[in-house]
Amino acid sequence: MKTEELAKLFSQVLPDQCLVSNEAALRTFECDGLSAFRELPGLVVLPDNIGHVMAALKVCRENAIPVVGRGAGTGLSGGALPHPEGIVLSLSRMNKLLEVDTENRIARVEPGMTNLKISKEVEHLGLYYAPDPSSQIACSIGGNIAENSGGVHCLKYGLTVHNVIAVKVATIEGDLIDMGHQSLDSPGFNLLSLMVGSEGMMGIVVEATVKLLPIPECARVVMAIFDSVQKAGDSVASVIASGIIPAGIEMMDNPAIRAAEAFVNAGYPVDAKAILLCELDGTDEEVDHQIQQVTQLFQDSGANEVRVAKDEYERQLFWSGRKASFPAVGRLSPDYYCIDGTIPRKAIGKVLTAIEGLSEEYGLKVANVFHAGDGNLHPLILYDARNPGEMEKTIELGSKILHLCIEVGGTITGEHGVGVEKIGDMCTQFTDDERELFHAVRRCLDPDSLLNPGKAIPTLARCAEHNAMHVHHGEVPFPHIERF
Amino acid sequence: MQETDYSALKAELYSARQTKQPLAIEGGGTRKFYGREIVGKSLSLSDYQGIVEYNPTELVVTVKAGTTIDSLSETLHSNQQMLGFEPPNCLPESTVGGTLALGLSGSTRPYRGNVQDFVLGVRLLTGDGRNMRFGGQVIKNVAGFDVSRLVVGSLGCLGIVLEVSFKVIPKPECEWTLNKEIPDVDQAILEFNALSGKPYPITAAAWCNKLAHIRLSGSEAGVKSAAQIIGGSINENDPIWEQINTHSHPFFKQGQKIIKVFQKPSASVIASHKPVLVDWGGALRWYREEVDETELQLGLKEQGGWLERFCGADRTQEVFSPLHPATMRIKQRLKDVFDPDRILNPGRMYSEL
């Protein structure tokens, strides 16, 4: 449907200030954080309340108009890429804190509220919301739920799915449904888990109840410096084996260290092959004790040096390089492409070595920054989109890295979602049966497939095409994976 | 890693489909009292036992559904690890598959999480015989819809879980329980919730017979310092946790009918007959048969919450709180996707599923 027709339809049920139809304004919504994919939406709807959302969905249902839900537009997999014939339903105006229940340590929020704002609002109560994707200053809780976002502290505190206890969902069929319950568990099939991470394909979250945790009494960070990536990887395993679960354990390889150091002067050793940043939190006594333990473990694993941040200033300094590593890498190259696979920790050394080989093969530099504690890699491929063919080469290299992740028992996405970006790679990770079941499950909530169509789960036809492109010596990739 | 041959199970399922014969999926057969009445021919998973893969440093174990909780726990304990949700384990025959199907979490539920919080992936045989894998063996994984967590607590109505991958956690270095005399249950609930808002390493809180039990787990230094602040008498090995976990607590022996009530942790108690046992830091209240169920239902309607007729109820009727019609409609559709002939544990959870 054309913009004028859409505007006419929606203006019958929604006030004008909720509709965006002029082309210049529509441009703002043409992509999310994955800017390589762009599409102008037919219309943007900005609801102020649940009534507006329900009214918009009703129009979509009655006229078979595709709906792309959007939070803050910070997603990295193109999950909020608009549909040219449909609407973008942007929840950014529904951003209020509805209730803080201190006794039960929960907050009820609207979907457009930013992740960090939740923690800021409850800080004075000694509480916070744990999942902390690096975009937390801008990303919204509704988007986090759609993507099941993670962050630095997942190993100890879990992903979004572990920290949201209930959602109110507006369905395309016109119902307002509660999933999950403030009483912790809820009866019947577990729809809440299904909703979290469903990439806007099952309903529109109009309210969320999130878990708040007591702010730890103390948090301290240790930096361990290694002359080999393998040693750094192995030392992560030895920390875990010792029974310590760090609040976060992050790894950077040499290109990432150099880029970050040049950018923020965090005091990183630029000759090191890898560094680990290991944060421990808890009571003062507990943290003191664990700092001693991990220091010893890193030394036993062959660390050249172990530095403990002596105060909060130094802790922030250690972290500043890690936190700025993406923009830091961005300074080295006109463009970079962030990959998001997860692998078993034991494969860290093997996979990083293989990535190094691929980097040489493709002639594209790769810097690695990742959540080592849970094996979530973020290789950053440096490229220059102005050079003809380089973007395509980059995407192909990215896909090879993801296939490597599957090969060692991992997954193509740890926290960024599939969206449009990794839809082809889904053909490798899941069988036809599994993907067909996903489609069938989605139709239980969205019978006409109007919600975010074409994302996350590829069709059989698309996979046939994808696999045909990747046949090597007459074999599909990973023939040992059951397919039919 | 050797692939397990599930062809015998598939054949049984195939023949049941041909004759539309309902199947009653069975693990260790220790919770036949649970849910609505059992119909159909027994389909046992007890032949499918064993650990498929376990790497302690990955904090992940993959196990066949017929494996007993006891034997899995033993393997984990020998590596100083444990299942984070402390599965209730009423008899030694209780299995991983049964625990998953019932979605049962132990006393630690509000602090460390419930069953689905620790499930990373499943291998599932659907009612129409498709053998599929969802999720995986890594902690962070957002590829595809989260079917592995959807099936937790579905009472076998969505498929036969063949294998499960769990995230496991290290066993704490030190564990103490603080006992405090608190005669009034509402007062105990208040205290639990005040403490839960503080950064102490609390991993369980229960109340029974005028005594509050608050468990602390973690490093010795952390536990000791928190114990000093919270107060109460220190019990290094409080039997209550084992008693609740194995249902050997006197509460479970007296009286036939038992009702579980789930509420917000801080909600004040409803009935004039107060709960006998409170667990989950106040979020789970156990009642015996003398409770006035009508009064309970009314209170839950007002305050929010739901109940489960845990055992001793009329199993031809519903035993779980009713669902919103729109939610039930979605769940019925899911049932049709996973089990189109409706032969897997039909009606065990709700008559419509």
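Modeller: A salt bridge links A:Asp281 with A:Lys156, their closest N and O atoms lying 2.6 Å apart; the term denotes a side-chain nitrogen of Lys or Arg within 4 Å of a carboxyl oxygen of Asp or Glu. The model is predicted, so that local features need pLDDT of at least 70 and side-chain atom pairs count only at pLDDT 80 or more, while totals for chains, interfaces and linings use all residues. Residues are numbered from 1 along each chain as its sequence is written, chains are lettered from A in the order in which they are written, and side-chain values use heavy atoms, with hydrogens and water left out.

Among the domains of chain A are domain 2 (97-214) and domain 3 (218-328), with bounds taken from an automatic or database domain assignment. The C-alpha centres of domain 2 of chain A and domain 3 of chain A are 30 Å apart. In contact (heavy atoms within 4.5 Å) are 5 residues of domain 2 of chain A and 10 residues of domain 3 of chain A.

Together, domain 2 of chain A and domain 3 of chain A bury about 640 Å², with 57% of it on carbon and sulfur atoms; buried area is the accessible area (1.4 Å probe) that two parts lose on being put together, summed over both. Of the area that domain 2 of chain A buries against domain 3 of chain A, 73% comes from A:Val152, A:Leu155 and A:Lys156, more than from any other three residues. The rule finds 1 salt bridge across the interface of domain 2 of chain A and domain 3 of chain A.
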